[in-house]
Amino acid sequence: MNDLEIIVSLCKRRGFIFPGSEIYGGLANSWDYGPLGHLLKQNIKKAWWKFFVQERGDMVPMDSTVIMNPKVWEASGHLENFADQLVECKECHRRFRADHLLEAKSLEPKYDKEKPSDITELVCPDCSGKLTPPKTFNLMFKTFLGTTEDKTTTAYLRPETAGGMFVNFKNIQQSTRKKLPFGIAQIGKCFRNEITPGNFIFRTREFEIAEFEYFIKPDEWESVFEMWVSEIKKWWHEIMQVNPDNLVWHEIEKDDLAHYSKRTIDVEYKYPFGVKELHGIAYRTDFDLARHQKVSGEDLSYTDPETGEKYIPHVVEPSFGIDRMLLVALFEAYNEEDAPTAEEGETEKRVVMKFPAYLAPYQVAVLPLSKKEELSELSNSIACELRKEFMVDYDETQSIGKRYRRQDEIGTPFCVTVDFDSLKDGKVTVRDRDTMKQERINKDDLLKYFKDKINY
Ligand code: GAP
């Protein structure tokens, strides 16, 4: 198995992520988050929210609709430009993104309308059949509002959350009385009719984005951009605890920048299937607010309360795919190690997911050494107390060794073992996932002990 297959298999076996609609034969490239995947995702979102919103005084949250007035997507340019170049094999009729085929052959990955000959040099990667000329394919998911299906009822599922923050800029600025610079953040589901989804949860048609629009005075963009790069480095290194060697900070070259951007960094990750985008940081000038002002006819300018200066704010936009962050958390956490068995001098392989404790699906597992009633009673009361603060798993089946291995494989940072001595001295054994060291702790001190070790 390659590294991706190992992760996909662990995710299914342990209840992180299942193939979508599996009992009906699945739905290609759709994935359902099971109990552990859901918890991991919640914890990533919670940490992201705490780091980028809660701990700062200059950010406010929002939650906008998935289906918005289609004018939003006209103004943002999505209806016209949010498209990929699609080619189809004339033999097997599989469809591909032209830029992906070019990239795989180390040719210039951008499909160039001026040089379409590039693509005619390629053949179908599956059956070597000839390819059709590229055609533009818009990625917006279309739907209809109400009972009739025509142009007047056409609407779209949002492809990003950004639109909701731009169209609410005025409402939010006026209701919160925030002064520039300040940001609006949101996390939510987005939909793109990708031509070639794949690589597990890396590219899907339904996914979550966490992003913010940070509104600034035009002449402050360079220092603000640097400030966010430095904060985002902290996020990856200190909070997500990703090995810095696995990240690539790809400064987009001037010629490749979107027409409205003066600086963009694609933060890439060394996935087992190649170095690919994890998320982006873009300086978008005043493009978005200016377009929405033009198309809506609403004044979206800001008046500086000190100087009286009136202008359309500029924006720095860091945008993160939640599912890609989760995929990276899985790759970073995965470890195989030799661990001692109960037999003197013997070792066995253990798989251990070394998530940061606050990201782990369960932070604590309570494991009574026997199913006897007196131990169950004490163990359950300890689990109940700890559940006030943490997600706690409870397992009294199989040998203690097997139970430790299971908790290692789902990444639980601490196991609490309750034994017959616990009934006499009120102490329990706490085992650390990473060091496998054990210490006796008074049961009444557990909540504080874990609060100190786990909370971010
Ligand atoms: N508002 C900016 C924006 O939407 P983007 O690079 O198109 O930028 C943001 O998307 C992030 O969303 C990406 O960096 C990636 O992490 C994630 N993402 C984009 N398309 C995705 C897909 N099909 N499946 C999973 N995640 C995706």
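This is a predicted model: local features need pLDDT of at least 70, side-chain atom pairs count only at pLDDT 80 or more; totals for chains, interfaces and linings use all residues.
The largest nonpolar core holds 64 residues, and Phe16, Trp48, Phe52, Trp235, Trp236, Phe320 and Leu330 are the members that touch the most others. In soluble globular proteins, nonpolar side chains tend to be buried together. When neighbours within four places in sequence are left aside, Trp235 is in contact with Ile44, Ala47, Trp48, Phe51, Phe52, Met240, Gln241, Phe320 and Met325. Apart from this group there is a second, separate core of 20 residues, with Leu375, Ile382, Val392 and Tyr449 among them.

Attention now turns to the ligand. In the model, 18 residues surround the ligand, and the closest are Glu194, Thr204, Glu211, Glu277 and Leu278. At Thr204, a backbone N or O atom lies 2.8 Å from a nitrogen atom of the ligand. Glu211 instead uses its side chain, a polar atom of which is 2.7 Å from a ligand nitrogen. At Leu278 the backbone takes part, with a polar atom placed 2.7 Å from an oxygen atom of the ligand. On its own the ligand has 550 Å² of accessible area, and the protein covers 88% of that area.

Which strands give two or more residues to the shell around the ligand? They are S10 (206-216), S13 (274-283) and S16 (314-321). Of these, S13 supplies the largest share, four residues.

The last stop is Asp419, which sits in the loop between strand S21 (414-418) and helix H14 (420-425). A polar atom of the Asp419 side chain lies 3.1 Å from the backbone nitrogen of Asp421, and a polar contact of 3.0 Å links the side chains of Asp419 and Arg440. Beyond its neighbours within four places in sequence, Asp419 is in contact with Leu369, Leu375, Thr429 and Arg440. Leu375 is a name already met, as it is one of the residues of the second core.

Key: Residues are numbered from 1 along each chain as its sequence is written. Side-chain values use heavy atoms; hydrogens and water are left out. A nonpolar core is a set of buried Ala, Val, Leu, Ile, Met, Phe, Trp, Tyr and Cys residues joined through side-chain atoms within 4.5 Å. Buried means under 20% relative accessible area, exposed over 50%, partly exposed in between (1.4 Å probe, protein chains only). Contact means heavy atoms within 4.5 Å. A residue is near a molecule or strand if one of its heavy atoms lies within 4 Å of it. A polar contact is a pair of N or O atoms within 3.5 Å; within protein, one must be able to donate a hydrogen and the other to accept it, and residues adjacent in sequence count only if both atoms are side-chain atoms. Accessible areas come from the Shrake-Rupley method with a 1.4 Å probe; for residues, only the protein chains shown count as cover.
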